[in-house]
Structures are given as structure tokens and as C-alpha cells.
Amino acid sequence: MSTDAMASTAITTDKTTPVGHLINGKVIIEGSRSQDVFNPATGEASKQVDLASRRTVEEAITAAQAAYPAWRNTPPIKRARVMFRFKELLEKNADRICEMIGEEHGKINHDAQGELQRGIENVEYACAAPELLKGEHSKNVGPNIDSWSEFQPLGVVAGITPFNFPAMVPLWMYPMALVCGNCFILKPSERDPSSTLFIAQLLQEAGLPDGVMNVVNGDKEAVDTLLDDDRIQAVSFVGSTPIAEYIYTTANANGKRCQALGGAKNHAILMPDADMDNAVNQLLGAAFGSSGERCMALSVAVAVGDATADALVSKMQSAMANLKVGAHTDNSNDFGPVITRQHQNKVVGYINSAEEQGAEIIVDGRNPQVSGYENGFFVGGTLIDKVTPEMQSYQEEIFGPVLQIIRVETMQEAMDLINDHEYGNGTCIFTRDGEAARYFSDNIKVGMVGINVPLPVPVAFHSFGGWKRSLFGDLHAYGPDAVRFYTKRKTVTQRWPSAGIREGALFSMPT
Ligand code: NAD
């Protein structure tokens, strides 16, 4: 089917039309390959997403390449004004966006509103583009010589994003890439694509010129086209570690700048002096919020001393009796289903394996009863005690509502566990001891650290990124690092000889 025949500029959320691609300001549907998008609460396929072929992705790159010269030369303040209008539109359409997130991702409305708000904060930061792009200037670095560094856009850049934050993670990337003067191709997750496409259309409504921002939905074929095409200068990726490593290695081999954020296993240390009631409340939200499908979810509690572990188990067990699991539409629910049937089976498989390997299942979420949603992809909150480091459920990322407890004797033992784990995204310590907390934050090999803060996700004016196999690349996502990632530095040294003085040839190094 010709893409022109199916092109439209209207923002539509009609469920009978497949979710398409935004190319050169128009939504198009290619019509050659598609896949089901599910409502995870009901377990039903609610719509289809069109999967872009190589040809469609190349069309998007061509549109971005054509839009680039004019956008690059648009003054930063005018680029920022588009973001001001975009922020307003995001706020105006928040309920509609969160409804779309809920329908396809399954997260409860209050959680989707939080995700969107964190995304909007990145748009607010991008509004500061004229300030952020000011560069550096030195006068008189030599006789009649001035020098400055400026930050020029890269050209056409791409972002590839995961299912778990269909609004927020893309907003980590393109607002900053765009205000820096780049054009963007976004390849969102094919599992919950509607809100991401809708938000990109709001950017058009905010006045972004056609072709500057493009969205291609798709799978590996779309991603590989972005990685292969010489016109793509840089790639930002967020997703699982095996894919992050593949993206990073391939993009580098193809001469592209790349940052690839991967998976996680986030530990919380519970010290014997911690305020246990507070820690339990914090752990409940951080382990089970969003069904544990957050890369910053706390999935392991490391209790220092058996008395701490026993208190934790008993308080968690009674608190978990009140957890409410259900559909996104009921805001009194704590969390919703996981993303797919396959993922539900995978999470249950990890709980089975922990049990088989000798751990104790304290609260079992393998068969949750969710009235009216019997076919949904639900896993209830699960608490597992006496987990040991050799267990598969400890070594791998579960990405579900499962909190595992490991018992250790000392704080150093707890820190060694964290430092030896292959992931290093987030971590937290619960303690009343400032000296212990300071030692922990100084010496822990993890990129984002909380002290009595369970989800230490940096605010938009800092940057986000893990260590070890949670991040491939040097620069973190959003915040000041994003300005560096989406620009290249140029340093200009300028001399205007006064009074026509000419200098002779100089063969030694100029000083
Ligand atoms: P995923 O790796 O399966 O998919 C991410 C993106 O990669 C999607 O757009 C997908 O279409 C694409 N992709 C998948 N397989 C591919 C392949 N073989 N070749 C090329 N592209 C491919 O991740 P997901 O399941 O959507 O998201 C969950 C994962 O993301 C978890 O591991 C989570 O920890 C991680 N995550 C990390 C962060 C972070 O900041 N570190 C944030 C959010 C999520």
C-alpha cells in the first residue's frame, strides 16, 4: 500500500486504525507488516501496530535530513518556544495520554500521571536551551586572539525506547536533542505505541516544522535500519541489557555516537538502626509500584542481621496483605498487570526457580484473583526470603512485582554483594547513621544512590544513568549530559590583526 494513500495529519486514537508512523508531519500506515497491541488487564488484543520496513524508516531519515538545515539555523530561543507550547499541550492532554498508557501498558492512572509529569520536567529543562547552549568564551588568549567553544548539533539522531515508560523515556531524549538543533527519529516500543505517537503529534501542534521529529514504529528491522544508515549521527537507547549491548556495539562499529541504557537489579540495604516502618512503606512502593516494571524498582532487600530480616519479613508480610492489584482505570489500585502473557510466565518462572533452589516464598503472587479481569496478565506482590547470590532469580532481572530478601551479617557484606552484581543502576540504604550512609554513597559501585530514598531517579536538571552493565557509553541520559550528547564541541580561535600588522612565519609551537 502506498504510504501517501494512508497519510493523515489528524490526531486520532481510533482503535480500528493501526498505530502508524509520523513522517514529515503526517501519520502514515505502510500496511505490509503489523502486530497486536494488548490491553494487559483484559488480555485482549485491542489494536494493531504497523511495523515499519527498511523503506519507511529510510523515508523518515530522508525527511529529517531535509528538515535539518533550516532547523539547525533556527535560533535556540525559537526552538525553545516550541517546547514551551509543547509543555502546555502535554498538560492539557494529560488525562488522554494517561488513559492511552493505562490501556496498553496497564499502569494505574496515578502512576501514569507521575510518569508524564517526570517527562514534562524534561521539556521544561529543554526550554532553557538558549542558556544551555551559550558555550564558553576567552578573550585575549594571545595578542589580538580570542577563543570560544560552541556546541553544534549533530544532524539526524535516533532514539529507541522500551515499553515501561512510553511517555517519559522518549521525553528524556528528543526535547533536548531538538532544542540543540538536531532532527530526530524515534523508534518506540511496539508493545504500547499509542501514547508515544500521540505525544509526538502534539509537538507538531506546538509548531515544530514538518520532518524535524519523526516516529517509526517497528521491530528489529526498523532498529537495524537506524543503526546501518550513515545519515544517523547518534543513537540513544533505553531497554534491556542484551539489546543495549547490541545497539552500542553496532552503533560504534558504524561510527555513531551511542548511549545505551540497560537493565538493572536494584538493592536496598536495611541497617539494624533503620526506621523499619518507614522503610517498609518505601519498599512497598519501590518494589511493587508499576508492577516492578521500572528499571529503578527495588527488587532486592539486603537485611543486615537476622533480627533486621525477621522484622522486615513480618512487617512486609502484613503490609502486603493490603496490596491492591487491578486495572488501570481504578485509581485505588496500587499496581496493574505486567505487559504481556509471555512476561507474566517469565516472572512466575523466576518465582518457581527461587522456590526450587531453596528460597522461602513468604507472600505468593503467582495466582492473583482479580475479579472481572480473569484473563489479564496479573502477578500479585511476591515476597521471597532466604534468597542466596547463586540463585537465578537473584542474578537476573525479573522486572515484576517480586521483592527478594537476602540476609547478611555486616554492612560491608551487603555492599560487596551490590558491588559484585553485574548491574549498577540504582541502590538505596535505609539507616539513621550518617557516617554509614556517607561511606555507602562514597564506595558503592552504582550510578544512582538513595539515602532513605527508595527510587533515586534524578530530577530533570541532573542526569540519569547506571554503572557497569546498566549503561554502555560515557554520557548519561537527560539533564546536562544530554546537552553534551546531542552536540559536538567546536573551538574557534580568531585573530584580527590590528593596523594591518603582518607576522612572519612561525615554525615553533605557538605559545
Ligand atoms: P527491550 O530491550 O526488549 O526493548 C527495547 C527496545 O529495543 C524496543 O524499542 C524494542 O523494539 C527494541 N528491540 C527489542 N529487541 C530488539 C532486537 N533484537 N534488535 C533490535 N532492537 C530490539 O526492553 P523492554 O522489554 O521494552 O524494556 C524493559 C527493559 O528496559 C528492562 O530491562 C529495563 O530494566 C530496561 N529499562 C532500562 C532503563 C534505564 O534507564 N536503564 C529505563 C527503562 C527500562
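A residue counts as buried under 20% relative accessible area, as exposed over 50%, and as partly exposed in between (1.4 Å probe, protein chains only). Gly-289 is buried by this criterion, with a relative accessible area of 11%. The model is predicted; local features need pLDDT of at least 70, side-chain atom pairs count only at pLDDT 80 or more, and totals for chains, interfaces and linings use all residues. Residues are numbered from 1 along each chain as its sequence is written, and side-chain values use heavy atoms, with hydrogens and water left out.

The protein contains 16 helices and 22 strands. Both are DSSP runs numbered from the N terminus: helices are H or I with at least four residues, strands are E with at least two. The C-alpha trace spans about 85 × 60 × 40 Å along its principal axes. Of the 511 residues, 57% count as buried.

Contact denotes heavy atoms within 4.5 Å. Among contacts with a separation of 6 or more, 73% join residues 24 or more positions apart. The protein exposes about 20,800 Å², and carbon and sulfur atoms supply 50% of this area. Accessible areas come from the Shrake-Rupley method with a 1.4 Å probe; for residues, only the protein chains shown count as cover. Side chains include 44 positive and 61 negative ones, and the centres of the two sets lie 9 Å apart. Lys and Arg count as positive, Asp and Glu as negative; His and the chain ends are not counted. Each charge is placed at NZ of Lys, CZ of Arg, CG of Asp or CD of Glu.

Two domains are assigned: domain 1 (3–262 + 470–491) and domain 2 (266–451). The contact between them takes 23 residues from domain 1 and 26 residues from domain 2. Their centres, taken over C-alpha atoms, are separated by 31 Å. The bounds come from an automatic or database domain assignment.

The loop between helix H10 (276–288) and strand S13 (298–304) holds Ser-290. Gly-289 is found in the loop between H10 and S13 as well. Not counting residues up to four places away in sequence, Gly-289 touches Leu-284 and Arg-294. Gly-289 and Lys-107 lie 182 residues apart in sequence, yet 8.8 Å apart in space, C-alpha to C-alpha. Ser-290 is buried at 3% relative accessibility.

Most residues other than glycine have a negative phi. Ser-290 has a positive phi, near 55°. Phi of Tyr-478 is also positive, near 45°. Tyr-478 sits in the loop between strand S21 (471–472) and helix H16 (479–485). At 4% relative accessibility, Tyr-478 counts as buried.

Cys-180 lies in the loop between helix H6 (168–179) and strand S8 (183–187). Cys-180 is buried, with a relative accessible area of 1%. Leaving aside neighbours within four places in sequence, Cys-180 contacts Arg-79, Leu-133, Pro-153, Val-483, Tyr-486 and Thr-487. The C-alpha atoms of Cys-180 and Thr-487 are separated by 6.7 Å, at 307 residues apart along the chain.

Gly-349 belongs to helix H12 (residues 341–356). Gly-349 is partly exposed, with a relative accessible area of 30%. The C-alpha atoms of Gly-349 and Val-212 are separated by 44 Å, at 137 residues apart along the chain.
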